[in-house]
Amino acid sequence: MFQSAAKTLSVATTTAATLTRGTSFSIRRYCQKTPATLRVSEAVSGAKLGANVKVQGWVRSVRPQKANLFLHVNDGSSLQSLQVVASSELDDPLLTLGSAVEVTGTLRKSPRQRQPFELEADRIHVVGDCDPVDFPFKIKERHSLEYIRQFPHLRCRTNAFSSLLRIRSEATTAVHSYFKENGFVQIHTPVITSNDCEGAGELFQVEPSSPNNEEGEKFFSVPAFLTVSGQLHLEVMSGAFSRVYTFGPTFRAENSQSRRHLAEFYMVEAEVSFTQSLEDLTKWGCDLQTEHEKHLVKHCGNIPVFVTDYPYDLKPFYARDNLDHPEHTAAAVDLLVPGVGELCGGSLREERLDLLKARAGLEDTYSWYLDLRRFGSVPHGGFGMGFERFLQCILGVDNIKDVIAFPRFSHSCPL
């Protein structure tokens, strides 16, 4: 049997064979070894050193010389690009900045100190070409964040913005890890809601775009909006789980194009039961204007500052009344940070049913909220942190539009 198989294999790998005069059969290379496909992050760390490998990605730079061709290729798996060295015979007019390529060759140690490994190419295939004249980014130019912001569909291909997105991804993982390690249960709070948690009226209303609906008919039978906060839904869940959090998109119909505001942004929000102190919230971290916030931070030495005990009438209905007349403040707190202003906002929640019932109209609009106080209510509180502002703070990025993949703000929704 083995002799028969060997004979078949030998015939199958023959370069050409004539069966009869003028007749031949096709070649089948059963034992030909295909190159291992590596990500750039694996290649630059020396995986499969000395082996025949294949790398796929986009060209970040091209440097043709008389005898050799040098490319830098990146597939997004690493900030560092892989240097590809090839014979000038493999040069191709389609090899330009931004073109997609598939490169096969041998991974070797590089004689250059900046990059310990490089790919000696024996084949370069241009998968997708890129016109260097029309492509908005140029090899030898440094592009500002303001410039690349004009191209929301292409800016992820730049080193600057791709680095920001990598950090955003790592920060997202860190947020989830923190809450998991501290015993919080993640809740997917709804994006569509019938409540206005903040009471500021900056809501996007949700209705079907189909013209078939009868005039005045509402899809949900009640007015529905994109959420401005998941807090009220977290309060529901805090009646069953003592520590809950959510991390998702929120929406504000705020007609602003400032460097601090977006119409769609991500919020990290948490709610903790059995807490009666603002200090339990500031372990994490009057409506002040931006100028006031900056002044307070600067006055305190450009360090993060907690502002507590706001006037009661400036805070939403759920903030706990301190009952400190005549000042009459609420047990609320904001965290102000340099360069950004307000980063976090939180409060103890009003758990006393009689005080909530005294709020005009609350029993009609939020009867379910009062039920939470009727059935096993406990002192609790929580906070919300704007994730994009957090990234601005830790990275020193001036404009909030540069820390989110697709910024949405008034008069701008290009994709």
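The following legends describe close-up views of a predicted model.

Figure 1. The chain contains 10 helices and 17 strands. Of its 415 residues, 40% count as buried. The accessible surface of the chain amounts to about 23,400 Å², and carbon and sulfur atoms account for 52% of this area.

**Figure 2. Helix α4 from end to end.** Helix α4 covers residues 159-181, which makes 23 residues. Just after α4, glycine 183 adopts a positive phi of about 80°.

**Figure 3. The buried residues of helix α4 and their cover.** The buried residues in α4 are Phe161, Ser162, Ser163, Leu164, Arg168, Ala171, Val175 and Phe179. Among the elements that cover these buried residues are two helices, α3 (145-148) and α10 (387-395). The cover also includes the strands β12 (243-251), β13 (264-273) and β17 (380-386).

**Figure 4. The second largest pocket and its lining.** This pocket has a volume of about 720 Å³. It is lined by 28 residues, of which Arg60, Leu97, Arg157, Thr158 and Asn159 are the closest to the pocket centre. Strand β4 provides the largest share, with four residues. By class, the lining consists of 10 nonpolar, 11 polar and seven charged residues.

Methods
Residues numbered from 1 in each chain as written. Predicted model: local features only at pLDDT ≥ 70, side-chain atom pairs only at ≥ 80, totals over all residues. Heavy atoms only, no water. Expected span 1.5 Å × (residues − 1). Buried < 20%, exposed > 50% of the residue type's maximum accessible area, 1.4 Å probe, protein only. Contact = heavy atoms within 4.5 Å. Areas by Shrake-Rupley, 256 points an atom, 1.4 Å probe, with all protein chains shown as cover. 1 Å grid on protein atoms, 1.4 Å probe; cavity = no way out; pocket = protein on both sides within 12 Å on 5 of 7 lines; lining within 4 Å. Points joined across faces, edges and corners; volume = space filled by probe spheres on them. Nonpolar A, V, L, I, M, F, W, Y, C, P; charged D, E, K, R; others polar.
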